[in-house]
Amino acid sequence: MSEGMTDGRECDGPDCNEALQKLYLFIDHELEDASCEQIQAHIDNCRACLTEYELDILVKALLSRSCSETAPPPLRERVLLSIRTVQVEVREQRD
Ligand SMILES: [Zn+2]
């Protein structure tokens, strides 16, 4: 599985690639307990993966907030408005 990675690191847990691959599952609590413990242990000992983990949590929080909002987000309004503006411009050019 990890042939050619003999750089002296003695780690029987998941490496960064494996940890990052499972990060989303870990955040969504879709990992079995054994894998959860491994990822948690890796994050505790790996600053790079911890940063990635915190970023993912942040993005997930932002996404779930914008999804649960019932009012249309400003971005949608702006996109619709610009589409309408373009349509008006096209019509004016034809007239
Ligand atoms: Zn790592």
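Biologist: Let's start with Asp28: at 32% relative accessibility, what does this residue count as?

Modeller: Welcome, and please keep in mind that this is a predicted model. A residue is called buried under 20% relative accessible area and exposed over 50%, with partly exposed in between. Because Asp28 has a value of 32%, it counts as partly exposed.

Biologist: Which residue forms a salt bridge with Asp28?

Modeller: Side chains of opposite charge can pair when their charged atoms come close. For Asp28, the closest N and O atoms of the salt bridge are 2.6 Å apart, and the partner is Lys60.

Biologist: How many residues apart in sequence are the parts that Lys60 and Asp28 tie together?

Modeller: Lys60 forms its salt bridge with Asp28. Lys60 lies in helix α3, while Asp28 sits in the loop between α1 and α2. The pair therefore ties together parts whose separation in sequence is 32 residues.

Biologist: And how does Lys60 itself count, buried or partly exposed?

Modeller: The relative accessible area of Lys60 is 39%. Buried would need a value under 20%, and exposed a value over 50%.

Biologist: How many salt bridges does the structure hold?

Modeller: One of them is the pair of Lys60 and Asp28. The side chains of Glu18 and Lys22 also meet in a salt bridge, at 3.3 Å from N to O. For the structure, the number of salt bridges is two.

Biologist: In which helix do Glu18 and Lys22 both lie?

Modeller: Glu18 is partly exposed with a relative accessible area of 31%, and Lys22 is partly exposed with 22%. They are four residues apart, about one turn of the helix, and that helix is α1.

Biologist: Let's zoom out for a moment. How many helices does the chain have?

Modeller: From the N terminus on, the elements run α-α-α-α. The chain has zero strands, and its number of helices is four.

Biologist: Which word describes the aromatic pair of Phe26 and Tyr53, stacked or tilted?

Modeller: A pair of aromatic rings is described by the distance of the centres and the angle of the planes. The count comes to one aromatic pair. The ring centres of Phe26 and Tyr53 are 5.7 Å apart and their planes meet at 50°. Planes under 30 degrees apart count as stacked and over 60 as edge-to-face, so this pair is tilted.

Biologist: How many residues apart are Phe26 and Tyr53?

Modeller: The pair links distant parts of the chain, with Phe26 in helix α1 (residues 16-27) and Tyr53 in helix α3 (residues 47-68). Phe26 counts as buried at 8% relative accessibility, and Tyr53 counts as buried at 19%.

Biologist: Now for Ala19. How far apart in space are Ala19 and Ile43, C-alpha to C-alpha?

Modeller: Ala19 is placed in helix α1 and, at 1% relative accessibility, counts as buried. In sequence, Ala19 and Ile43 are 24 residues apart. In space, their C-alpha to C-alpha distance is 8.0 Å.

Biologist: Which helix holds His42?

Modeller: His42 is buried, with a relative accessible area of 9%. Leaving aside neighbours within four places in sequence, its contacts include Pro14, Asp15, Ala19 and Cys49. The helix that holds His42 covers residues 33-45 and is α2.

Biologist: How many disulfides does a search of the whole structure find?

Modeller: A disulfide is a covalent bond between the sulfur atoms of two cysteines. Cysteines are present here: Cys36 is buried with a relative accessible area of 18%, and Cys49 is buried with 2%. Still, the number of disulfides found is zero.

Biologist: What accessible area do Leu75, Val79, Leu80 and Ile83 have together?

Modeller: These residues form a nonpolar patch on the surface. Val79 is placed in helix α4 (residues 74-94) and is partly exposed, with a relative accessible area of 40%. Together, the accessible area of the patch is about 330 Å².

Biologist: Finally, what percentage of the residues in the chain is buried?

Modeller: The accessible surface of the chain comes to about 8200 Å², with 54% belonging to carbon and sulfur atoms. Of the 95 residues in the chain, the buried share is 16%.

How values were computed
Residues numbered from 1 in each chain as written. Predicted model: local features only at pLDDT ≥ 70, side-chain atom pairs only at ≥ 80, totals over all residues. Heavy atoms only, no water. Helix = DSSP H or I, 4+ residues; strand = E, 2+ residues; numbered from the N terminus. Buried < 20%, exposed > 50% of the residue type's maximum accessible area, 1.4 Å probe, protein only. Contact = heavy atoms within 4.5 Å. Phe/Tyr/Trp six-rings, centres within 6.5 Å; stacked < 30°, edge-to-face > 60°. Patch = residues over 30% accessible without salt bridge, like charges linked within 9 Å, V, L, I, M, F, W, Y side chains within 5 Å. Areas by Shrake-Rupley, 256 points an atom, 1.4 Å probe, with all protein chains shown as cover. Salt bridge = Lys/Arg side-chain N within 4 Å of Asp/Glu carboxyl O. Disulfide = S-S within 2.5 Å.
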